[in-house]
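The following account leads the reader through one protein model, from its overall make-up to individual side chains. Please keep the sequence and the coordinates in view while reading.

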Amino acid sequence: MRFGVTTILAGAIALSGTQMLSAQTGAAKAAIDASNRKFGAAVAAGDTKALGTIYTDDATVMPPNSEPVKGRQAIEGLFGMLVTAGIKGATLTAQEVEAHGETAIETGTYSLKDATGKEVDRGKYVAVWKRQKGEWKMYRDIWNSSLPMAAPK
């Protein structure tokens, strides 16, 4: 079988593109994992301002059973309600991160706990991240519970 220079070149370009995406994705995942830990620490501390810094100024959060919440200040208010409701622990676990230039897509799972450490919710999420001034910030955030719906009363 004979390979032309064009075939070999195309293969090399494809391989280098895959390696670049892999390296870019690895760096993005490391930064997103760090932000997810920061999110958990901020929830534990009840620090809604720190939660807000994880998001872009023009972020949109789409919580379950609610209208979208737009903007960092409104998002801080949303998480303030979560903290006031007694959530003292949040664990976000990125299962997959794929970076494309200045944007990354994350899918993962979450767990929310009360002050006693009892899990009160768990589920899955999708987040879109944007790199701003060298930092990855959450731009779009949507999640839903994996727990069964409560029976109607």
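What does the accessible surface of the protein chain come to, and what percentage of it belongs to carbon and sulfur atoms? In this predicted model, the accessible surface is about 9,400 Å², and carbon and sulfur atoms account for 59% of it. The protein chain has 153 residues, of which 34% count as buried.

The secondary structure comprises 3 helices and 6 strands. Read from the N terminus, the elements follow the order α-α-β-β-α-β-β-β-β. Among contacts between residues at least 6 apart in sequence, 48% join residues at least 24 apart.

The 6 strands form an open sheet with mixed pairing, in the order 2-1-6-5-4-3. Strand 2 (69-70) and strand 3 each have a single partner strand and stand at the edges, so one side of each is left without a neighbour in the sheet. Within the sheet, strand 1 and strand 6 run parallel and are joined by 4 bridges. Thr60 stands opposite Arg140 in strand 6. As a general point, strands of a sheet pair through backbone hydrogen bonds, in either a parallel or an antiparallel manner.

The interior may be considered next. In soluble globular proteins, nonpolar side chains tend to be buried together. The largest nonpolar core here has 30 residues, and Phe39, Tyr55, Ala104 and Trp129 touch the most other members. At least two residues of this core come from each of helix 1, helix 2, strand 1 (55-62), helix 3, strand 3 (89-100), strand 4, strand 5 (119-132) and strand 6 (135-145).

Gly52 has its place in helix 2, and Gly52 counts as buried because its relative accessibility is 0%. Apart from neighbours within four places in sequence, Gly52 is in contact with Arg72 and Glu76. The C-alpha atoms of Gly52 and Ala74 are separated by 9.0 Å, although these residues are 22 residues apart along the chain. Glu76 itself lies in helix 3. With its neighbours within four places in sequence left aside, Glu76 is in contact with Thr48, Lys49 and Gly52.

What kind of interaction do the side chains of Glu76 and Lys49 meet in? They meet in a salt bridge, with an N to O distance of 3.2 Å. This pair links distant parts of the chain, since Glu76 belongs to helix 3 (residues 72-84) and Lys49 to helix 2 (residues 48-52), 27 residues apart. Is Glu76 buried or exposed? Glu76 has a relative accessible area of 11% and therefore counts as buried, whereas Lys49, at 56%, is exposed.

A search of the whole structure finds 6 salt bridges. In general, side chains of opposite charge can pair when their charged atoms come close. One of the salt bridges joins Lys29 to Asp33, with the closest N and O atoms 2.8 Å apart. Both residues lie in helix 1 (residues 5-45), where they are 4 residues apart, about one turn of the helix. Lys29 has a relative accessibility of 26% and so counts as partly exposed; Asp33 is also partly exposed, with a relative accessible area of 21%. Another salt bridge is formed by the side chains of Glu119 and Arg122, at 3.4 Å from N to O. Glu119 is partly exposed, its relative accessible area being 36%, and Arg122 counts as partly exposed at 36% relative accessibility.

The surface also carries nonpolar side chains. Which residues form a nonpolar patch on the surface? The patch consists of Ile105, Val126 and Ile142, which together have about 220 Å² of accessible area. Ile105 lies in strand 4 (residues 103-113). Its relative accessibility is 40%, and Ile105 therefore counts as partly exposed.

Definitions and conventions:
Residues are numbered from 1 along each chain as its sequence is written. This is a predicted model: local features need pLDDT of at least 70, side-chain atom pairs count only at pLDDT 80 or more; totals for chains, interfaces and linings use all residues. Side-chain values use heavy atoms; hydrogens and water are left out. Patches are made of residues with over 30% relative accessible area and no salt bridge: like charges are joined within 9 Å, nonpolar side chains (Val, Leu, Ile, Met, Phe, Trp, Tyr) within 5 Å. Accessible areas come from the Shrake-Rupley method with a 1.4 Å probe; for residues, only the protein chains shown count as cover. A salt bridge is a side-chain nitrogen of Lys or Arg within 4 Å of a carboxyl oxygen of Asp or Glu. Buried means under 20% relative accessible area, exposed over 50%, partly exposed in between (1.4 Å probe, protein chains only). Contact means heavy atoms within 4.5 Å. A nonpolar core is a set of buried Ala, Val, Leu, Ile, Met, Phe, Trp, Tyr and Cys residues joined through side-chain atoms within 4.5 Å. Two strands pair if DSSP finds at least two bridges between them.
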